Amino acid sequence: MSRAETAGRVVWFTGLSGAGKSTLASALHAELLRRGERVELLDGDAVRENLSKGLGFSKADRDTNVRRIAFVAGLLARHGVTVLVSAISPYRDTRDAVLSELPNASEVFVDAPLAVVTERDVKGLYLKALAGEIAHFTGVSDPYEAPLTPALHLRTDLKSVDDCLSDLLSLLEVRDVAHA
C-alpha cells in the first residue's frame, strides 16, 4: 500500500525564528511532492496571517495559534496527507499537548544558537529585541522552550540543508516502517 493510501502524518518543525524551519519544511515538501506524496505545508507566518489574524503575541494568543494550526494539520492528516508544520510554537506544554493528539506526529527541533539566528535575520528584529525595542520576542524577551525528546534535532548551524533533508527523509522512512 502506498503512502497516499495510508493514514497521514504530521511533521512539526519547531525552533527560533531564523533557525531554518521554513527552509527545511519547504525542502522536504518539494521532495515529497517529487515522490508523488500527498503533502501540505502549514507555515506559521502564513497561518498567522490567514487563520489567526488578530492574535497577538501573549502566551494565550500564541497557544491559540498553535492549537489552530494543529486542528488543520489533524484534519489533513486524518485524510492521508503528510502535513509539514513550520511554526515557532514556543511553549513545550502546548506543543506536547497538540502533538499527542495528532496522527503519526513527529517533532523536529530546528536549532541554531542565538548569535547565528541574529546574523541570519535580514529584518534586524533580533537586534531590535536585544536592544529592548521589541517586546515579547521569542528567544529574547519571551521564552522558547526547546523540546525534551524530539524525534529529530537538527543543528542548522552545523549541517547543510541537504544533510538535514537526508535526516528528515530517514526519519520518515523509519516512522513509516514502524506504522506499517
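This briefing walks through some side-chain contacts in the structure above. It is a predicted model, where local features need pLDDT of at least 70, side-chain atom pairs count only at pLDDT 80 or more, and totals for chains, interfaces and linings use all residues. Residues are numbered from 1 along each chain as its sequence is written, and side-chain values use heavy atoms, with hydrogens and water left out.

**Salt bridges**

- The structure holds ten salt bridges, each one a side-chain nitrogen of Lys or Arg within 4 Å of a carboxyl oxygen of Asp or Glu.
- Glu107 and Arg95 pair up at 2.7 Å, N to O. That links distant parts of the chain, with Glu107 in strand β4 and Arg95 in helix α4, twelve residues apart; helices (H or I, at least four residues) and strands (E, at least two) are DSSP runs, numbered from the N terminus.
- Both ends count as buried, with Glu107 at 10% relative accessibility and Arg95 at 0%. Here buried means under 20% relative accessible area, exposed over 50%, and partly exposed in between (1.4 Å probe, protein chains only).
- Glu31 and Arg34 meet at 2.6 Å, N to O. They sit three residues apart in helix α1 (residues 21–34), so about one helical turn separates them.
- Glu31 is buried at 14%, whereas Arg34 is exposed at 59%.

**Lys59 and its two contacts**

- Lys59 makes a salt bridge with Asp93 (3.7 Å, N to O). Asp93 is in helix α4 (residues 92–101) and Lys59 in helix α3 (residues 59–77), 34 residues apart.
- Lys59 also lies over the face of Tyr91, at 4.5 Å from the ring centre. The rule for that is NZ of Lys or CZ of Arg within 6 Å of the ring centre and within 35 degrees of the ring normal.
- Lys59 is partly exposed, at 36% relative accessible area, and Asp93 is partly exposed too, at 49%.

**Aromatic pairs**

- There are two aromatic pairs, counting rings of Phe, Tyr and Trp (its six-membered ring) with centres within 6.5 Å; planes under 30 degrees apart are stacked, over 60 edge-to-face and the rest tilted.
- Phe109 and Tyr144 are stacked, 6.0 Å centre to centre with 20 degrees between the planes. Phe109 is in strand β4 (residues 105–111) and Tyr144 in the loop between α6 and β5 (152–155), so the pair ties together parts 35 residues apart in sequence.
- Phe109 and Tyr144 are both buried.
- Tyr126 and Phe137 have ring centres 4.8 Å apart and planes at 80 degrees, so this pair is edge-to-face.
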